[in-house]
Amino acid sequence: MLFLLGIKCEMMTENIFQVMLQNRRNLHAILTKTSKDKLLKIPKGFNNNVYWNIAHTVITQQILIYKFSGLQMRVPDNLVDKFMKGTVPDGTASDEEMMMIADFLISTAEWLIEDYNTELFKTFKEYTTSARVTLKNVDDAIAFNLFHEGLHIGQISLLLKHLA
């Protein structure tokens with residue numbers, strides 16, 4: 001359960017999960033309704049593309065929440081290696097990989113809610129993000145992940161404007 005000033009905040013967690021699911025639905029729509037060429041194009045002045053930003057949100061959620069909780073991530077290692085922090089897109093992706101990311105957008109969000117509600121997250125390795133936010137528990141990681149995904153949704157919007 002999410003705690004705020006020592007008070008259990010189940011309602012807040014539920015709201016965070018609903019926002020997360022809606023963000024993921026929005027990203028899924030972009031991924032499935034935008035041409036592959038547009039998704040993979042890196043506009044002049046940018047160092048990544050729409051597809052990388054979408055895939056990166058999936059991978060980062062798994063790292064922040066599952067890996068730092070000492071649990072097995074639910075995505076393949078090759079995707080982690082390709083889309084984790086510090087990586088850059090090469091401008092290519094197979095249709096199969098793109099479909100996998102589309103599926104993971106929704107399934108990883110649903111699994112997180114299920115795993116959280118069944119109290120799967122017992123431990124957490126403290127981690128300070130590049131935004132200088134220290135995550136001390138899974139609730140911190142869930143909240144920060146929502147912020148992180150919002151940053152990438154903003155970047156995706158900017159990229160789409162440059163590709164129009």
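A nonpolar core is a set of buried Ala, Val, Leu, Ile, Met, Phe, Trp, Tyr and Cys residues joined through side-chain atoms within 4.5 Å. The views below come from a predicted model.

**View 1. The largest nonpolar core holds 47 residues.** Seven members touch the most others: Leu31, Tyr51, Ile54, Ile59, Ile65, Leu112 and Ile142. Two or more residues come from each of α1, α2 (36–40), α3 (50–66), α4 (77–83), α5 (95–117) and α6 (138–163). Helix α3 is the top contributor, giving 11 residues. In soluble globular proteins, nonpolar side chains tend to be buried together.

**View 2. Ile142 and its contacts.** Ile142 is among the core members that touch the most others. Setting aside residues up to four places away in sequence, Ile142 touches Ile16, Phe17, Ile65, Leu112 and Tyr116. Of these partners, Ile65 and Leu112 also belong to the group with the most core contacts.

**View 3. Asn23 in helix α1.** The helix spans residues 10–33. Asn23 has a relative accessible area of 15%. That is under the 20% limit, so Asn23 counts as buried. Beyond four places in sequence, Asn23 touches Leu146, Glu149 and Ile153.

**View 4. Glu97 in helix α5.** Is Glu97 buried or exposed? Its relative accessibility is 11%, below the 20% limit, so Glu97 is buried. The side chain of Glu97 makes a polar contact of 2.7 Å with the side chain of Tyr51. Leaving out neighbours within four places in sequence, Glu97 is in contact with Tyr51, Leu79, Lys82 and Phe83. Tyr51 is also one of the core members that touch the most others.

**View 5. The largest cavity holds about 50 Å³ of space.** How many cavities of 30 Å³ or more does the whole structure have? The search finds 1. The lining consists of Leu40, Asn49, Tyr51, Trp52, Lys82, Phe83, Val88, Pro89, Asp90, Gly91 and Thr92. Helices α3 and α4 are the elements that supply two or more of these residues. The lining divides into 6 nonpolar, 3 polar and 2 charged residues. Tyr51, Lys82 and Phe83, which line this cavity, are also contacts of Glu97.

Methods:
Residues numbered from 1 in each chain as written. Predicted model: local features only at pLDDT ≥ 70, side-chain atom pairs only at ≥ 80, totals over all residues. Heavy atoms only, no water. Helix = DSSP H or I, 4+ residues; strand = E, 2+ residues; numbered from the N terminus. Buried < 20%, exposed > 50% of the residue type's maximum accessible area, 1.4 Å probe, protein only. Contact = heavy atoms within 4.5 Å. Polar contact = N/O pair within 3.5 Å; in protein donor to acceptor, adjacent residues only side chain to side chain. 1 Å grid on protein atoms, 1.4 Å probe; cavity = no way out; pocket = protein on both sides within 12 Å on 5 of 7 lines; lining within 4 Å. Points joined across faces, edges and corners; volume = space filled by probe spheres on them. Nonpolar A, V, L, I, M, F, W, Y, C, P; charged D, E, K, R; others polar.
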